[in-house]
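Subject: Structure for your review

Dear colleague,

Please find below the structure that I am handing over to you.

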Amino acid sequence: MRNKNGRLLLLILTLTLAATWIVLPAGTLDVGGFKADHPVRQGLDLQGGLQVTMEARPPDGGDVDGDTLQGTRDTLERRVNGLGVTEPLIQTRGDDQIVVELPGIENPEQAVAVLRETALLEIIYANGASLPPGTIVQTSLGAGANESAATPGAATPGSAPSPTPDPNAPVYDTIVSGDDLSDAFVTRDPTTGQPLVAFELQGDAADTFFDFTSANIGQSMSIVIDKEVISSPVIRNAISGQGTIDGMTALEAQNLATQLKAGALGVPLEVVSSRTVGPSLGADSLDRSLVAGIVGLSVVALFMVLYYRLPGLLSVIALFMYTIITFALFKLIPVTLTLPGIAGFILSIGMAVDANVLIFARMKEELRNGRPLSQAIEGGFDHAWPSIRDSNVSTMITCLILYWFGQFTGATIITGFALTLFVGVAVSLFSAITVTRTLLRTLNELGVIRSAWLLGLGRHDLARSANDPAATA
Amino acid sequence: MQHLAGKRHLWFAISGAMLIPCILALIVWGLNFGIDFTGGSAWEVQYGDDVSTEAIAETLAANGRPEATVQQVGDAAEHRYLIRLGELQEGSVEKDALSDALASLGTLAPAGESLETVGASVGNSIRDRSVLAVAAASIGILLYIAYAFRNTQNPLLYGFCAIAAMLHDAIFVLGVFAILGRLADVEIDALFITALLTIIGFSVHDTIVVFDRIRENLLAQAENSRDSFEEIVNHSIGQTLVRSVNTSITVMITLLALLLFGGSTTREFVLALLIGVTVGTYSSIFNAAQLLVAWDNGEIQGFFRRLTRMKRHPGQESTVTGA
């Protein structure tokens, strides 16, 4: 019994120390860069930024297939990376929607314009050189006049995708662009079984491409999406209407085909909802929420100590540990902190206190019935547990449904709330049951608790049992 | 100890008196749905100095947006204005033109600007999902309670009484916001649905603590069964009363701190939670457990029997009393 309690105390202290280390700012005691990798994620409402939900609107009015949507998402991600946002979030949602979240972006107008362009695919000739994938290039199909021609579906002309190439870099010739491509798909080489990406060109482009390939057999050409090199295959022979690209794994081939098709078909995206928040609004709200949290916690702590005395004080200590552990979990999971998320966290503090209130009320009943303290502590916890468990499970059920609801509406504001409340309630089960009980047991074993007044009862001595060290001492 | 269960008809009457204006407001006025449900834009701008809301509305109307309504939000010293209008996309030519027009009224602070736009189709599906979410939460909780109370005589009854108390709380909060929507132009947004679902969770949380005590007392009492169910319920309420009030106080303290010191973005959200927690505490003590007693005494069944009899034979009752 005594040993078990000691081990628990050690575990709690270790956990608290570890959590404190995680919660402390990134600069302090950072071993192995672990903390730098786990920053606090702030939602749009806290640091400002842009959230856009776009819906694919295929020109023929039909459905979008999953590959095309995924390809479009990848294209958007490349463009967003060019915008220099630190923690962009780009997700597909449902069958035809893509959600882009750009926290802390300063120029939302430009970002929206960049996102709404359809992907710009080009096949270029890098004077025979084989450009490695990822190279940012300049092409003769400029960002200016030709752009709108290449992307007829785009509503906002003029602002180019932003990867900034070296101004002194050479300008390569664009042979064909996405408009000229009529199809792209994965196939296999009939003799070797190697995966291939087959593509088809339409109209004049087929002739242009034939002239180009017949003149440059044995040299490299580069496939470029939004000015970024995707792959640089070697030209084997003259290609007119149809060609294949080899030398890839099956996965790479699938990605390339998707990218080619998305660029070629250019699924036009329509913005269905957007949210921009100015940075000063966010900072203002964060400060206010912190003040609210500190005030709320302090008043609750005061109430607990005044009403429940020693157990109240212990529960405040447990609450403090609870706050640190929960916050550490927020960093590890990671949970994106939003204003409602902070509200959910503060609300979970109230629920964490509830568990303690339930236990202490039971403990007092046991003491009033003349039980010795050690039995009253165990009895209080055992009797309070079913109601703590049942009531918290019902809160967790609502959290799960909230999370699903939030995912659907695309509002990190709601998923953030659900997640923080869920984590908070889960940790509160641990802190109320394990932390407070272990602290109470330890104090009892040390024989510190001699007066019933400390436990919120009248001024008289406690009943003693043979197990109580204070009685034997 | 006051005999709380004995006065259940008084508590039911108080709940009725609270709910009737709420239900009327919901039927007559309905909820004031925000752009999350209806589609459209909410555009917040910040000026360096005071600008009249009329001037902003007139400027927007002159630029092709006669539907725009303007109200000042936040502290007066912040000069923030909320413009509600039809769909306006960030990055559109029109948005730039409207920004320029608004800039002619005073210095705009770009850092204090926010624009939220929701397409009409998205709004409709959010409304459907909200109803679905509330229904799913209710069923999930009903099933869990039926499971948790499987050792009692009538596990589903506990679930239904908890749901009844929960609906009581949800309707009250909805009603208050219908009234606020009418009188103070407070809108219902996705965040409000979040608050509503949380209230549902909290209401049931509170109710379960009382029910749990009833369950425990029922099991303990089995050997020398002298007390009636009503007395056991009354006893259980008395035992959990201090806990219910104390818990609610701590949650209310934290919510009050958020309401007073938190940002304006979450003010209505927190207000909804505060109202919900308060009424949730009331209903768990004065409604949920009392409903169990009313059912156990056959009062609810009798009430419905009288209702159906009156419907089936509307004229019969007068002849009976006459005879």
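Two strands are taken to pair if DSSP finds at least two bridges between them. Helices (H or I, at least four residues) and strands (E, at least two) are themselves DSSP runs, numbered from the N terminus. Please note that this is a predicted model, in which local features need pLDDT of at least 70 and side-chain atom pairs count only at pLDDT 80 or more, while totals for chains, interfaces and linings use all residues. Residues are numbered from 1 along each chain as its sequence is written, and chains are lettered from A and ligands numbered from 1 in the order in which they are written.

I begin with the strands of chain A. An open sheet is formed by three strands in the order β8-β9-β12 (chain A), with antiparallel pairing. β8 (181-188) and β12 (242-245) of chain A each have a single partner strand and stand at the edges, so one side of each is left without a neighbour in the sheet. On average, neighbouring strands of this sheet are turned by 25° against each other, direction ignored; the axes are lines fitted to C-alpha atoms, for helices over the stretch in contact, and angles run from 0 to 180 degrees between N-to-C directions. Seven bridges connect β8(A) with the antiparallel strand β9 (residues 195-201) of chain A, and A:T187 has A:L196 of β9(A) opposite it.

Strand β5 (residues 121-125) of chain A is mostly covered, with five of its five residues buried. A residue counts as buried if 20 or more other C-beta atoms lie within 10 Å of its own, as exposed if 12 or fewer do, and as partly exposed in between, with C-beta atoms placed from the backbone. On one side of β5(A) the buried residues are A:L121, A:I123 and A:Y125, and on the other A:E122 and A:I124. β5(A) is joined to strand β10 (residues 222-225) of chain A by four bridges, in antiparallel fashion; A:I123 has A:I223 as its bridge partner in β10(A). Four bridges also pair β5(A) with strand β7 (residues 171-177) of chain A in the antiparallel sense, where A:I124 stands opposite A:T174.

The next topic is where the two chains meet. The contact takes 59 residues from chain A and 54 residues from chain B, two residues being in contact if their C-beta atoms, placed from the backbone, lie within 7 Å. On the chain A side, α8(A) supplies the largest share, 15 residues. That side has 36 nonpolar, 16 polar and seven charged residues; Ala, Val, Leu, Ile, Met, Phe, Trp, Tyr, Cys and Pro count as nonpolar, Asp, Glu, Lys and Arg as charged, and the others, Gly among them, as polar. β13(A) and strand β4 (residues 114-118) of chain B run antiparallel and are joined by five bridges, with B:E116 in β4(B) as the bridge partner of A:R275.

Finally, I turn to chain B itself. Chain B has eleven helices and four strands, and 46% of its 323 residues count as buried. Its C-alpha trace spans about 80 × 50 × 30 Å along the principal axes. Among contacts in chain B between residues at least 6 apart in sequence, 77% join residues at least 24 apart.

Yours sincerely
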